[in-house]
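Here is a friendly walk through one protein model, going from its aromatic rings to its pockets and backbone. Have the coordinates open as you read.

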Amino acid sequence: MHTSISASQWGSPTASRRALLIHGLTMSSQSWEGVAKLLAAEGFFVVAPNLLGHAWRRGTDYRVSTLAEDLRPYFVIDTPYDVIIGHSLGGAVALSLFPFLPNTKETTVILLDPALELTKKTANMCENWFLKEIANFRTADDHMVENPTWSRGNSVLRALGISMCDRTVVERVFEHNRPWSFSDLFKNIPPHVRVTVLASDPALGGICHVKHIPCDVARLHSKVFVGIGHWIQYESLDIIMNEIPLRRAKL
């Protein structure tokens with residue numbers, strides 16, 4: 001892995017396939033370590049940017065559209081991606097990237113429990129939860145106690161992401177995206193893009209509800225996983241990898 005000011009990278013830049021991974025609120029590019037290593041082993045060059053306001057990146061406008069626009073340099077010279085994965089806030093950002101995607105290659109977009117629709121009450125609850133996470137910093141050991149399915153490495157990365165994000169960013173993200181509503185972005189899926197939504201168990205903190213996913217949009221599929229919480233990339237890598245078109249050796 002190579003880490004720069006704005007992104008982490010895995011695999012060879014000369015690889016024939018590319019993946020773009022977009023983290024959620026109070027996370028960082030390094031949080032994708034588990035998924036990225038598996039993709040790199042499958043021959044992908046993997047890039048995970050740090051969103052504005054994260055990993056000590058500063059900004060003044062935290063609208064989802066602005067977070068997406070900030071990623072435009074990753075599409076310079078019509079750079080294509082075979083796979084784009086977004087988690088939580090990163091899911092809404094991923095949906096906002098459709099105008100940047102060149103039509104020269106089929107792209108698989110996977111949204112991990114994306115934050116699509118939040119009522120005012122739910123948005124306030126989420127904001128307060130994130131602010132509490134920042135104010136009462138917890139160690140990797142603390143995260144492991146609360147989340148027994150997480151590895152130590154993932155717990156360390158969760159703590160790292162929180163440590164590099166301040167309360168102002170959280171407050172501005174919710175303030176600048178009020179009302180929180182992004183389901184309409186599904187209407188803009190290009191003909192060369194296939195979107196899969198992987199929703200977590202609402203009983204375990206899942207924030208993406210099936211009723212917010214249109215059922216009449218072409219190239220859009222969704223699945224709900226009972227027993228899996230919001231942090232799918234920390235709890236079940238297989239769920240994610242099963243949705244990625246991988247090259248198989250010819251028999």
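Tryptophan 150 and tryptophan 231 are both buried (buried means under 20% relative accessible area, exposed over 50%, and partly exposed in between, with a 1.4 Å probe and protein chains only). Please keep in mind that this is a predicted model, where local features need pLDDT of at least 70, side-chain atom pairs count only at pLDDT 80 or more, and totals for chains, interfaces and linings use all residues. Residues are numbered from 1 along each chain as its sequence is written, and side-chain values use heavy atoms, with hydrogens and water left out.

A search of the whole structure turns up 9 aromatic pairs. Rings of Phe, Tyr and Trp (for Trp, its six-membered ring) pair if their centres lie within 6.5 Å; planes under 30 degrees apart count as stacked, over 60 as edge-to-face and the rest as tilted. How are the rings of tryptophan 150 and tryptophan 231 arranged? Their centres are 5.8 Å apart and their planes stand at 75°, so the pair is edge-to-face. Tryptophan 150 sits in the loop between α5 and α6 (152–163), and tryptophan 231 in the loop between β10 (220–224) and α8 (232–235), so this pair ties together parts that are 81 residues apart in sequence. The element names follow DSSP runs, numbered from the N terminus: helices are H or I with at least four residues, strands are E with at least two.

## A tilted pair and a cluster

The rings of phenylalanine 174 and tryptophan 180 have centres 5.4 Å apart and planes at 35°, so this pair is tilted. Phenylalanine 174 is buried, as is tryptophan 180. Both belong to one aromatic cluster, formed by Trp129, Phe130, Phe174, Trp180 and Phe182.

## Two pockets

Now to the open spaces. On a 1 Å grid over the protein atoms alone, a pocket is an open set of points with protein on both sides within 12 Å along at least five of seven lines, whereas a cavity is a set where a 1.4 Å probe fits but cannot get out; lining residues have an atom within 4 Å of a point. Grid points are joined across faces, edges and corners, and a volume is the space filled by probe spheres set on the points.

The largest pocket has a volume of about 570 Å³. Its lining holds 31 residues, and those nearest its centre are Trp129, Gly205, Ile207, His230 and Trp231. Both α4 (120–135) and α5 (140–146) supply at least two lining residues each, and α4 gives the most, with 6 residues. By class, this lining divides into 16 nonpolar, 10 polar and 5 charged residues (Ala, Val, Leu, Ile, Met, Phe, Trp, Tyr, Cys and Pro count as nonpolar, Asp, Glu, Lys and Arg as charged, and the others, Gly among them, as polar).

The second largest pocket has a volume of about 160 Å³. Residues lining this second pocket include Glu117, Thr122, Cys126, Ile207 and His212. Here β7 (117–118) and α4 are the elements that give two or more residues to the lining. The lining has 3 nonpolar, 5 polar and 2 charged residues.

How many disulfides does a search of the whole structure find? The search finds 0, a disulfide being a pair of cysteine sulfur atoms within 2.5 Å. For cysteine 126, the nearest cysteine sulfur is that of cysteine 208, 13 Å away. For cysteine 165, the nearest is the sulfur of cysteine 126, 15 Å away. Cysteine 126 is buried, with a relative accessible area of 17%, and cysteine 165 is buried too, at 4%.

In helix α1 (residues 33–41), the buried residues are Glu33, Val35, Ala36 and Leu39. Seen down the axis of α1, they fall within an arc of 160°, so they line one face of the helix; the arc is that of the directions from the helix axis to the C-beta atoms. Just after α1, glycine 43 takes a positive phi of about 95°.

## Backbone details to check

Arginine 178 and proline 179 are joined by a cis peptide bond, with omega about 0°. Proline 179 is placed in the loop between α7 (167–176) and β8 (180–181).

Tryptophan 56 is a residue other than glycine with a positive phi, near 65°. It lies in the loop between β4 (44–49) and α2 (64–69) and is partly exposed, with a relative accessible area of 47%. Aspartate 78, also not a glycine, has a positive phi of about 55°. Aspartate 78 lies in the loop between α2 and β5 (83–87) and is exposed, at 53% relative accessible area.
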